[in-house]
Amino acid sequence: MPVMLRSSNCVLSGKSPAEMSKLNECPMDPGGYFIVKGVEKVVLIQEQLSKNRMIVDTDVGRKGTVVCSVTSSTHERKSKTDVIVKHEKYYLKHNSFSEDIPVAIVFKAMGFESEQEFVQMIGSEEEVLGAVAPCLEECHKAGVFTQLQALKHIGNRIRQRRMWGGPKKTKVDEARDVLHGVVLAHVPVTEWNFKLKAVYLALMVRRVIQAQCGLVRGDDRDYYGNKRLELAGSLISLLFEDLFKKFNAELKKIADLTIPKPRAAQFDIVKHMRQDQITNGLVHAISSGNWTIKRFKMDRAGVTQVLSRLSYISALGMMTRISSQFEKTRKVSGPRSLQPSQWGMLCPSDTPEGEACGLVKNLALMTHITTDHDEAPIVRLAFNLGVEDIQLLSGAEITSKYVYMVFLNGNILGVIRNYKRLVSTFRLMRRAGYINEFVSICPNHAHRCVYISSDAGRVCRPYIIVNKGRPLVTSKHIQELSQGFRCFEDFLKEGLVEYLDVNEENDCMISLYEKEITMATTHLEIEPFTILGVCAGLIPYPHHNQSPRNTYQCAMGKQAMGTIGYNQRNRIDTLMYLLCYPQAPLVKSKTIELIHFDKLPAGQNATVAVMSYSGYDIEDALVINKASLDRGFGRCLVYRKQQCTMKRYANQTFDKVMGPMVDATTRKPVWRHSALDTDGICAPGEKIENKQVFVNKWMPTVTMSPLSSTDQDKQPEYREVPISYKGPEPSFIEKVMISSNPEEAFLIKILLRQTRRPEIGDKFSSRHGQKGVCGLIVPQADMPFSDTGICPDIIMNPHGYPSRMTVGKLMELLGSKAGVLDGKFHYGTAFGGDKVVDLSADLIRHGYNYLGKDYVTSGITGEPLSAYIYFGPIYYQKLKHMVLDKMHARAKGPRAVLTRQPTEGRSRDGGLRLGEMERDCLIGYGASMLLLERLMISSDAFEVDVCEQCGLLGYLGWCQYCKSSKNVSTLKMPYACKLLFQELLSMNIVPRLSLKRYNEV
Amino acid sequence: MERIKEIRTRVELKEHGLENVHSTDFPGSYDGYDDTWSQEKFEKNFKVEIGRLTADELEFDMIGIDAAIANAFRRILLAEVPTMAIEKVHIYNNTSIIQDEVLAHRLGLIPIKADPRMFEYKQDAEAEPTDTDTIQFELKVKCTRNTHVKDATDPDDLYKNHKVMTSHMKWIPIGNQAQIFKEGEIRPVIDDILIAKLRPGQELDLKLFCVKGIGQDHAKFSPVATASYRLLPEITLLKPVTGKLAHKLKNCFTPGVIEIDNVNGESKARVAHPRKDTCSREVFRHDDLKDLVKLTRVRDHFIFSVESTGILPPEVLVSQAIQVLIAKVREVKRELDVYK
Amino acid sequence: MSSRPNYSNNKGNEADDIDPSKRKITVMPTEGGKEDETCKTFVFNKEDHTLGNSLRYVIMKNPDTQFCGYSIPHPSEDKINFRIQTYGKPAKDVLDKGLNDLNSICSHVLRTFETSVNDHKRRNQSTDVEMRENSVG
């Protein structure tokens, strides 16, 4: 079975950093992914609406319609039940019914023949009675009075399903079964006692009525308390269950077939177990990302993704990613917008731009996702705390206005009179450790309910408990924590800190800072910056930035080059970008320390002058100091993988690797083979240029037909199939790995390396969503310099600031400058960090201007600049987009076979398309000759012979139709046009060209 | 007239910007001034004062010259005074963690102590090295385990040669270089620059070739860590500053810039050493001091600071830089004469 | 002093080479073809602000100069366009005088600098030599 890395079953669990490095693993690696078929795969966290909860939806479709729906989910099945309003009557809507069933009939079918009984369950208020009356009437009209009649009524409306085996049931039995097991499947029915289900259904009707009257507002689907997150664990367990059941079923089938037959040997079940079925099922699901579970009719694609190892941050960011089930194409703002209930649970900044905006989210720093927890002890505790069992109560007692209904995981437990005592005692028990810390309880006054949840997938986060205006965690505790006498779990055990989920947060008074605590406060936030996620945590002073800038940085931090792990040099990735001299940022944040970004950084501290220079800095372009580049600024390494396999063929022949070809006169390998070692595979350290050969592979010419017995001794013929290098810049061989894959073929993996210094067009970005390309590289002598002789690494245009409003970047510069002068790191933690006044004081102390603006001399004229320049270090990231990978030009080159037009795309050395809009421009401008040249002469011009007589295409001056060459003339047309004519001909359509001399028209 | 003189000779530092940053002393700009170039006048006013001279640092004042020419010297120091630096590295073996190209780049940046005036530019990059244009070094290091040390954790004790330093570089004389240069005359300037780190079993076997070049082509050829200048600051007290304000004023400047005199029992501020000021313009933050002071800088007084990498003494570098400019002028002049 | 190698065009620079890009100085043809000795744009190959700006300053100091300025036409081209307009004298003569003046300035600066250094060294001989030996050793 695939094992999640660093999970309890993984060899890496509980290993110390030293042991990890001995195993060639990076101690900073977060784990949490699977390695399947040699690929690192992450199972994304899936977000979905919580199961087994009533959701009242107002305005579905047209305004004013109210629906109460429940998606029941049990181990066996998943089904959706709705209570809808139609013509002021209430109906039960379910997939297994061919039409909607009036609720009154359902109640009767459940055995509540007395109308008073079930109406009381719905409620005895005036408006309820009024609303229910038409339903009763309808029931009477349908002639349904008894349970049997009701069941018959329902039975006739059951959608016929395929039933295998089993005795044929009557309609009545079928209806009863459906009511028992399919409708509201999660509500237990023991021994045909429908009481609980009836109460549940009654409550659904009641909710609809209340929503109609405007007493209660509909539930918000986007509210995060109504969401559940599915983690890898629950997804894998679902899959496993499915596979295991399939395995058992198959085994049973084999056993049923074989056991009745008389056999000599005893039937050995072990022999019939297919060992790899479950493994293969899991491996296939993880590697393809297709989660198909038949029981739940679940068929999800893209559940897993390849772990992005572009940078450490991108790998971390992937672990916290949550993907939503909503369709990406739908243009609804609700699910995409930031919900207030996501506060502290999900990062408000980290979401992609574009179609997946708001649907893909990321966890905040302290978020915890609950796992399933046993219900039995909670039920026991609830009853002991005075909850009265629903079975013993009549309808009037249940809907009494003096009681609160108690729910556990969506199921009705009972009612309670003094709900306050229940809630507070329950919480005390939880803090004391008698029940699991992740069980949540909260009253809902609108619903007059108390909800207890112990199910999996709720998001929660820890808070410090405040009692009587005093936080329980004191400085003494913190001291002990920093000394290592205590750990976070101790805080939890001692009841100083507790986890609250989204629903329970609503019942708490949480203050953000200690100074804001009042007597009503129940909880204190641990650290405000933890509302941000991993990627947003890198941004210094994010609370001073315009919010989209932080979002941009979250996306860009994942493209920044740097280090990806301590074991990066052992890896052979298809593509890996590393920075030559990565630096820890001068302005760091608490998050950076927590995730060890300072140990695996991705960027460099560049001295930046914010000024205009040379005009090559417009549109966010940067001007870079050449001497800085000479000294290694932004220098990066690009690793690329090349691989080839040595195959064995059906006819016993196999591929072979030959040594380099030797020039006859010089006895040296020919140029194409100059990188090869004597074994025919390129040697590490060798430089390889465009069209040179990595592996001198030869392949047999005949691979399919078996060799005839006569030429057994004859050597099979081979032809050359060299694996050669393609690229404008040469690479170096970093290492060669020879291995074999499961098909017993040799696998040769070659790691190639390029060292690149930044050039014009390479993309850089600061940590504030301010990206820009290098526009000019200037010699150091031309750079402006300050009094102390410092000249900038980067000149940035000040126009980048006013519209972006990235004040955080200005503050980062101050912080870095002050830090550099004092030789220390400053903090730019969100909602905190070092204050600007303090940083200014540091600058003044060192004889600098308090604003960070320096007197600067122009390097060109030698005279001072007439403005003071904002000058100091800013952490810059080099992004993976480099011109070398994108540059493309073509004069002439390959053409597509069918149309004879130039190929498309850089990888095929394609042409640059003159598209429709460009064409429109040329037409509008009347540049007909240019149009002709671009669209025909430079593309697919073709000379055709056309017969003037019949207007058909001829060939070599001869018209086959007229059998004459008399009226054939030659003209040029696009090959695509000629192709069209021929294709039309093949469809029995004759296109005829009528030719005229252009001067005779 | 006072004002015109000030405009001509001073750069004024205001709170939000500078004024009179450009030289304007050209003929015809000012009535009553003769700005025509005169060598005698220049020679009379021009002064060089050496402030501090150590083996690799030089601070001197150049007074009575225009920014255009002073800047030319600065620019030449950075970019056009030649030095020797490692240009080609032949890698015979490199089993260390550091990549060949990165290693070569690091080696290139090492300052090589060798008088560039004794060498010629290599005319053809592909040609065989000769004794007149190339210096050769060898770097052969192998890291081994220190056998008699047990249970140590410090790599310094555990391994031998685990830090490759510039001191490991060995000069290999080409041709008759051994006769021309004494032992120790050609070597890396600093012996303890860390080139790479090794672990047991890893080794480096390299041949390094140094050639002559200039900073314009690559920063490794630049003979200075940095060369820059600043203008002499000048602080004028527009009104006498006394009492508490005087102390406040003193704190607005670099220590030593403002001294406080005791005149008749009252403290009075006096500008003592304006040269020390870093021009932080802190005074302008205080409304009560803002209008009492005027910050200016002398336009033709350059405080040069040259930090040599150690290849050549800084004073030699400056002379070289001036000579480079002379050579440039002569080359253009010669061409111009040919053109005529 | 030997000249720096010229990697871009390895043929060497002969004086009577016809290709203008290889000459140190060329004169840009005047627009309209009318030759005017007083207004000239010289193109200095392989020069930058170092010579351009200092020469500009010296020529501007000449009362015969009406205008003197230079530009780098494109950052990837290693040349400057040096423009001189005079009140009547041939531009070439003004350039020539500028070069001479600059030459004498440099010579004087060099002379003064070296004397100052030597003076300084003599003055601080005892202390300075000590310091230097310490720092070198």
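How many bridges join β16(A) to strand β18 of chain A? In this predicted model, local features need pLDDT of at least 70 and side-chain atom pairs count only at pLDDT 80 or more, while totals for chains, interfaces and linings use all residues. Residues are numbered from 1 along each chain as its sequence is written, and chains are lettered from A and ligands numbered from 1 in the order in which they are written.

β16(A) and β18(A) (residues 411-416) run antiparallel and are joined by 2 bridges; strands are DSSP runs of E of at least two residues, and helices runs of H or I of at least four, numbered from the N terminus. Pairing requires at least two DSSP bridges between two strands. A:Asp389 has A:Gly414 of β18(A) as its bridge partner. The open sheet of chain A has 5 strands in the order β16-β18-β17-β20-β19, with mixed pairing. Its edge strands, β16 (388-389) and β19 (440-444), each pair on one side only.

In chain B, 9 helices and 18 strands are present. The radius of gyration of chain B, 27 Å, is well over the 20 Å given by the globule rule for 340 residues, so the chain is more spread out than a compact globule; the radius is taken over C-alpha atoms, and the rule is 2.2 Å times the number of residues to the power 0.38. The C-alpha trace of chain B spans about 75 × 70 × 35 Å along its principal axes.

Chain B is divided into domain 1 (2-79 + 227-238 + 292-304) and domain 2 (83-221), with bounds from an automatic or database domain assignment. The C-alpha centres of these two domains lie 43 Å apart.
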